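Colleague: I've got a model open on my screen and would like to talk it through. Can you walk me around it?

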Amino acid sequence: MKISVLTLFPDFINNIRDFSIVGRSIGQGKLELETVDIRDFAINKYLQVDDYPYGGGPGMLMQIKPIVEAIESVKTENSKVYYMSPQGKVLTQDKLKELKEEEHIILLNGHYEGIDNRVIENYVDEEISIGDYVLTGGELASMVIIDGVSRLLDGVLASEESFEDESHYNGLLEHPQYTRPREFRGLEVPDILLSGDHEKIRKYRLRESIKNTLQKRPDLLKDKTLNDEEKDILKDLLEGGKDNGLY
C-alpha cells in the first residue's frame with residue numbers, strides 16, 4: 001500500500017522510515033511512504049501557507065489553496081484523504097485494519113489553529129483523532145497510523161511476532177507475559193507457563209486476557225462479542241469477584 005503524508009515538516013515524518021517495523025515494511029516493498037511539503041504550494045515567495053481567520057480570533061489558519069493543491073498532487077481515484085484532527089473519531093485497532101486494506105491513503109496534517117474548513121467539507125473523506133487531547137500538529141498522529149498499519153501488512157511481522165495475540169487486536173487486552181529468569185527476588189513465573197501443556201496454557205492466557213480487560217478496560221467488553229468459552233470465563237471471574245483480584 002501507499003501512504004502519502006501532507007505536512008509542513010516532512011523531515012519529521014521521514015525519520016520514521018528507518019524505525020523498526022515501519023522500516024521493515026518499506027524495505028520489503030510492502031509499504032511506500034511519501035511525504036509532501038505543503039509549503040511547496042505556498043501562495044507567494046515567502047512560502048506563506050497561513051493567514052488570519054475571517055471573523056477574528058486567535059492564531060492563524062492554514063489556507064485552502066496550498067492544502068488543496070498538495071492533495072491534488074498525489075490523489076488518484078483510489079485515494080482516501082484523512083485529516084488528523086481532535087474532532088475526528090478516535091483511532092481504534094479496527095480502524096487500522098480498515099486502513100490497511102486501502103490502496104492509497106493520504107494523511108493531512110494541520111498546524112497553527114487548524115485548516116480552512118472548506119478543505120474538510122470538500123476534500124477530506126474522514127477525520128481521525130488519536131485521543132481526546134490537543135497536539136501542536138498532526139504529525140505525531142500520522143506516525144501512529146503509519147506504525148499501526150505497517151505492522152498489519154501481510155508478511156511484515158515474523159510468525160513469532162504475530163499481532164493476533166496483541167492487545168486490542170481481538171477486542172481484548174493481551175494476557176501478561178514473562179521471560180527469564182524464572183525467579184527474581186521471590187517473584188516467580190506462573191507454573192502453568194512452564195508445564196508444556198499447550199491447551200492448559202491457552203486457557204490460562206485467555207482467562208488472564210479477559211481478567212486483564214475486566215480490570216483495566218471494562219468498556220472494551222461492552223463491544224466485544226464473546227464466544228461460549230469466553231462467556232463462561234467472564235461469568236466465573238465476576239462471580240469470584242474479590243477472590244479473582246478484581247476489587
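Predicted model: local features only at pLDDT ≥ 70, side-chain atom pairs only at ≥ 80, totals over all residues.

Colleague: In what order do the five strands sit in the open sheet?

Modeller: Strands here are DSSP E runs of at least two residues and helices are H or I runs of at least four, both numbered from the N terminus. Two strands pair if DSSP finds at least two bridges between them. The pairing is parallel, and the order is β2-β1-β6-β5-β7.

Colleague: Which strands stand at the edges?

Modeller: An edge strand has a single partner, so one of its sides is left without a neighbour in the sheet. That goes for β2 (32-37) and β7 (126-129).

Colleague: Which residue is the bridge partner of Y83 in β7?

Modeller: β5 (residues 79-90) pairs with β7 in the parallel sense, over five bridges. Y83 has as its bridge partner E127.

Colleague: At what angle does helix α4 run to β7?

Modeller: Axes are lines fitted to C-alpha atoms, for helices over the stretch in contact, and angles run from 0 to 180 degrees between N-to-C directions. Contact means heavy atoms within 4.5 Å. Helix α4 (residues 93-100) lies across β5, β6 (104-109) and β7, and its angle to β7 is about 135 degrees.

Colleague: Is D132 buried or exposed?

Modeller: D132 is found in the loop between β7 and α6 (139-150). Buried means under 20% relative accessible area, exposed over 50%, and partly exposed in between, with a 1.4 Å probe and protein chains only. D132 has 73% relative accessibility, so count it as exposed.

Colleague: What does the side chain of Y133 reach?

Modeller: Y133 is in that loop between β7 and α6 too, and at 43% relative accessibility it counts as partly exposed. A polar contact is a pair of N or O atoms within 3.5 Å; within protein, one must be able to donate a hydrogen and the other to accept it, and residues adjacent in sequence count only if both atoms are side-chain atoms. At 3.2 Å, the Y133 side chain reaches the backbone oxygen of I130.

Colleague: Which residues does S142 touch?

Modeller: S142 sits in helix α6 and counts as buried because its relative accessibility is 0%. Not counting residues up to four places away in sequence, S142 touches V5, I13, M84, L107 and N109.

Methods: Residues numbered from 1 in each chain as written. Heavy atoms only, no water.
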